Every structure is written in C-alpha cells, then in structure tokens.
Amino acid sequence: MYCPRCLKTIPEDRISDITRELKNTLGNTMLEKGKCPVCGTELISAGKPAERHEKGSL
Ligand SMILES: [Zn+2]
C-alpha cells in the first residue's frame, strides 16, 4: 500500500502486522480502514501501477 501524500510505501505482507501494532500501541485504526495512519489519506494499492508519473526511476 502506498500513501500519495506521505510518499510512503507499506509492504502488503506487513499490513496486518503494522495494523495490529498501531492499534495496540496507539489505538490507531486508520490502517485497518485502508487509510494512512499518519495523514488519513486513502492508501493506494501498490500492486496496481495505475498512476505512474515521471518522477525518477523506481
Ligand atoms: Zn500519509
């Protein structure tokens, strides 16, 4: 998953771990709802390269 605002990527296979950790430590359920736990922006599935702007090569 990818946050277009924070420009952060969360590996799909770690989502459940991170979700649980955030919930237990901070009571933050944003990630559980598919949103960035930092800014609340809806996360984009990293599996789909839907929007690829020309911005470096990754
Ligand atoms: Zn964010």
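**View 1. L31 lies in the segment after helix α1**. In this predicted model, local features need pLDDT of at least 70 and side-chain atom pairs count only at pLDDT 80 or more, whereas totals for chains, interfaces and linings use all residues. Residues are numbered from 1 along each chain as its sequence is written. L31 counts as buried because 21 C-beta neighbours fall inside 10 Å. A residue is termed buried if 20 or more other C-beta atoms lie within 10 Å of its own, exposed if 12 or fewer, and partly exposed in between, with C-beta atoms placed from the backbone. Leaving aside residues up to four places away in sequence, L31 touches I15, I18, T19, L22 and P37. Such a contact requires the C-beta atoms of two residues, placed from the backbone, to lie within 7 Å. L31 and L43 are twelve residues apart along the chain, and their C-alpha atoms are separated by 8.5 Å.

**View 2. Helix α1 comprises residues 15-26**. Helices (H or I, at least four residues) and strands (E, at least two) are DSSP runs, numbered from the N terminus. The end C-alpha atoms of α1 are 16 Å apart, in agreement with the 16 Å that its twelve residues should span at 1.5 Å a residue. That expected span is 1.5 Å times one less than the number of residues in the helix. The helix is hardly covered, as the count of buried residues among its twelve residues is zero. After α1 comes G27, with a positive phi near 70°.

**View 3. R20 is a residue of helix α1**. R20 counts as exposed because it has 12 C-beta neighbours inside 10 Å. R20 and E32 stand twelve residues apart in sequence, with 8.4 Å between their C-alpha atoms.

**View 4. L7 occupies the loop between β1 (2-3) and β2**. L7 is a residue other than glycine, yet its phi is positive, near 55°. L7 counts as exposed because 8 C-beta neighbours lie inside 10 Å.

View 5. Of the 58 residues of the chain, 9% count as buried. Among contacts with a separation of 6 or more, 47% are between residues 24 or more positions apart. The mean pLDDT of the chain, where pLDDT is the predictor's confidence in each residue from 0 to 100, is 87, and 78% of the residues score at least 70. Among the elements, helix α1 has the highest mean pLDDT (96) and strand β2 (residues 8-9) the lowest (92). Where pLDDT is low, the predicted coordinates should not be read in detail.
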